[in-house]
Amino acid sequence: HEEREVASTKIQCAARGRQARQKLAELKAAAPEHAIVEREVATTKIQCAARGRQARKELAELKAVAAQHASKEREVAATRIQCAARRRQAHNELAENKKAVAAQHASKEREVAATRIQCAARGRQAR
C-alpha cells in the first residue's frame, strides 16, 4: 500500500512538473506578444504626443502669419485713408488758392477800372 502511494505521488509530481513547464512555456510564448503590444501602445502614445506638439507648432505659425497678414491689411487700409485725406486736403487748398487768385484778379481789375475812371475824371477836369 505504501509503495503504491509513493509511486502515485511520484507520478503526480511528474505530471504536475510537466504541467508547470507547459504553462511556463505558454507564458514565455505569450510574453513576446505582450511586449510587442506594450511597445506598440508606447509607440502610439509617443507618436500622438509628437503629432500634437507639431500641430500646436503649426497652429502657432499659422496664427503668426495671419496676424502679420492682418497687420499688413490694416497698414494698407490706413495708407488708403491717409491718401484720400491728403487728396481732399489738396483739393480744398487748390479751391482756396483759386478763390484767392480770383479775388486778387478782381481786386486788380477794380484797381485798373478805378485808375481809368480817375484818369478820365482828371482829363475832364484839366480841360
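Predicted model: local features only at pLDDT ≥ 70, side-chain atom pairs only at ≥ 80, totals over all residues.

Colleague: Let's start with the fold. How many helices and strands does the protein have?

Modeller: The count is 1 helix and 0 strands. That helix, helix 1, covers residues 2–126.

Colleague: And how spread out is the protein compared with a compact globule?

Modeller: The idea is to set the radius of gyration beside what the globule rule gives for a chain of that length. Here the radius of gyration is 54 Å, whereas the rule gives 14 Å for 127 residues, so the protein is more spread out than a compact globule. The box filled by its C-alpha atoms tells you about the form too: roughly 185 × 15 × 10 Å along the principal axes.

Colleague: What share of the residues is buried?

Modeller: A residue is called buried when its relative accessible area is under 20%. In this protein, buried residues make up 0% of the 127. The exposed surface comes to about 12200 Å², with 58% of it supplied by carbon and sulfur atoms.

Colleague: Could you show me one residue up close?

Modeller: Take Lys-23, which sits in helix 1. Lys-23 counts as exposed because its relative accessibility is 58%, and the cut-off is over 50%. Its C-alpha atom is 30 Å from that of Thr-43, 20 residues away along the chain.

Colleague: How many disulfides are there?

Modeller: A disulfide is a covalent bond between the sulfur atoms of two cysteines. The count here is 0. Cys-13 is exposed at 51% relative accessibility, and Cys-48 is exposed at 54%.

Colleague: Last one: how far apart are the mean positions of the positive and negative charges?

Modeller: For the 28 positive and 15 negative charges, the mean positions are 16 Å apart.

Key. Residues numbered from 1 in each chain as written. Heavy atoms only, no water. Helix = DSSP H or I, 4+ residues; strand = E, 2+ residues; numbered from the N terminus. Rg over C-alpha atoms; globule rule 2.2 N^0.38 Å. Buried < 20%, exposed > 50% of the residue type's maximum accessible area, 1.4 Å probe, protein only. Areas by Shrake-Rupley, 256 points an atom, 1.4 Å probe, with all protein chains shown as cover. Lys, Arg positive; Asp, Glu negative; His and termini not counted. Charge placed at Lys NZ, Arg CZ, Asp CG, Glu CD. Disulfide = S-S within 2.5 Å.
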